Structure formats: structure tokens, C-alpha cells
Amino acid sequence: MLENTVREKYTRITNTLIKKQLSITTMESCTSGQIASLITDTEGSSAIIKGAFVTYSNEAKLRCGVSADVINKFGVYSMETASEMAGACRSFYDADIGIGVTGTLGNMDPGNEDSVPGEVYFAIATRYGTESWFSKVPGQSSRLDYKLYMADLIADALMEALGMECDDN
């Protein structure tokens, strides 16, 4: 079951962050805090998570430090915006790692004309720079399944960034 696999990955990630004394934060839109929730499901996570943002609206992204110029030039659903989100939350919380996630999961976003269902962008910012990804999410049976699908992809990217071995599931 995907949920169990994802939870196991985030337990490993959180324990690795604790061991390495690395802090993390997230700015999530379409995953609506799922990544932060998975991180905090592990005992001792308060040592490494400094806080998190759920920025469902464009206004929330702007208030949390995402550049209006980036959103206007590239769109709210873009690798550039995901990168801005990762950098903004990392900077706000002075964290070692920032994760930004933006996109549209199962249906159109009536507030953003550029939304394409199933297109999600995410980024991981560290002191070494920011890397971003695009994912075309296949249809899922529930909102939770969409979030878990993305959480799994983000976990693999985060594990790679941390030098951890990823399980091929």
C-alpha cells in the first residue's frame, strides 16, 4: 500500500535529518501540508522542522515571500514558482532545507486559468542551490491518494539530496 511505503520513507528521512542535525520547512499548495504532516509523524521531529506554510491561494504565496514577478512571468504553476516557494520558506525559517510544491491535482483551479489537472511542480532548496521537478500525476481515487503520490516523489528526491538510498517501489 502506497501510504505505508510513503510513511516509512518519511520516517527514514526525518530520522536522517535528526541524526544530521538538519532543519527543514515546507511551503505547500496542492499537497496542503501533507509533506509537513508526514515529517512530523516521527517522534523527535520538533528538533528539525521549524514550521511550514500551506499556501493554497496566490495571495498566501505572495504574503509568504514568493515574488509577484515570478508568478506573473511564469505562472503560479511552474518550476520557477516552486523554486521561489522552496527558497522563501527556507529563508523565512532559516532552515537547511526548504520544499515548495505547487500544481493542480484532480481538477481545474477556478482561480488560475493556467491550471492543468495533474500537473505538479516541486523544488528542494538547500544552501547549495535549488533543484526543481515537474510531474504529470495520473488520476487517483481520492485527494489523499493524489497527495501521497506527490509525497512519494518528493520523498525520493529528498532522499537523493540527503544521500540516502531510495527503495524502488
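I began with what covers the buried residues of helix α6: the cover includes α1 (2-20), β1, α2 (34-40), β3, β4 and β5. Buried here means under 20% relative accessible area, exposed over 50%, and partly exposed in between, with a 1.4 Å probe and protein chains only. Helices (H or I, at least four residues) and strands (E, at least two) are DSSP runs, numbered from the N terminus. This is a predicted model, in which local features need pLDDT of at least 70 and side-chain atom pairs count only at pLDDT 80 or more, while totals for chains, interfaces and linings use all residues. Residues are numbered from 1 along each chain as its sequence is written, and side-chain values use heavy atoms, with hydrogens and water left out.

**Helix α6**

I listed the buried residues of α6; among them are Y146, L148, M150, I154, L158 and M159. K147 and D152 are also on that list. I then checked the length of α6: its 19 residues should span 27 Å at 1.5 Å a residue, and its end C-alpha atoms are 27 Å apart, which agrees. The expected span is 1.5 Å times one less than the number of residues. Just after α6, I found G163 with a positive phi of about 75 degrees.

**α1 against α6**

I looked up the packing of α1 on α6: the angle is about 35 degrees and the axes are 9 Å apart. The crossing is left-handed, a term for the near helix being turned anticlockwise from the far one by less than a right angle (right-handed if clockwise). On the α1 side I noted L2, E3, V6, K9, Y10, R12 and I13, which meet residues of α6 including L144, L148, Y149 and A155. Contact means heavy atoms within 4.5 Å.

**R143**

The C-alpha atoms of R143 and T31 are separated by 9.0 Å, although the two are 112 residues apart along the chain. At 37% relative accessibility, R143 counts as partly exposed.

**The sheet**

I traced an open sheet of 5 strands in the order β2-β1-β3-β4-β5, with mixed pairing. Its edge strands are β2 (49-54) and β5 (129-136), each pairing on one side only. Neighbouring strands are turned by 10 degrees against each other on average, direction ignored. Two strands pair if DSSP finds at least two bridges between them.

Is β3 (residues 97-103) buried or exposed? I found that 7 of its 7 residues are buried, so β3 is largely enclosed by the rest of the structure. Both faces are covered, with I97, I99, V101 and G103 on one side and G98, G100 and T102 on the other.

I then went through the partners of β3. Strand β1 (residues 24-28) pairs with β3 in the parallel sense over 5 bridges, and I24 has I97 as its bridge partner. Strand β4 (residues 119-126) pairs with β3 in the antiparallel sense over 6 bridges. Across that pairing, T102 stands opposite Y121 and I99 has I124 as its partner.

**Helix α5**

I noted the buried residues of α5 as T81, A82, M85, A86, A88 and C89. They cover an arc of only 165 degrees around the axis, taken from the directions from the axis to the C-beta atoms, which puts them on the same side of α5. They pack against β1, β2, α3 (58-63), α4 (68-74), β3 and β4.

**Positive phi**

Most residues other than glycine have a negative phi. I found D94, in the loop between α5 and β3, with a positive phi of about 50 degrees. At 62% relative accessibility, D94 counts as exposed. S32, in the loop between β1 and α2, has a phi near 40 degrees. S32 counts as partly exposed, at 27% relative accessibility.

Terms used: Axes are lines fitted to C-alpha atoms, for helices over the stretch in contact, and angles run from 0 to 180 degrees between N-to-C directions.
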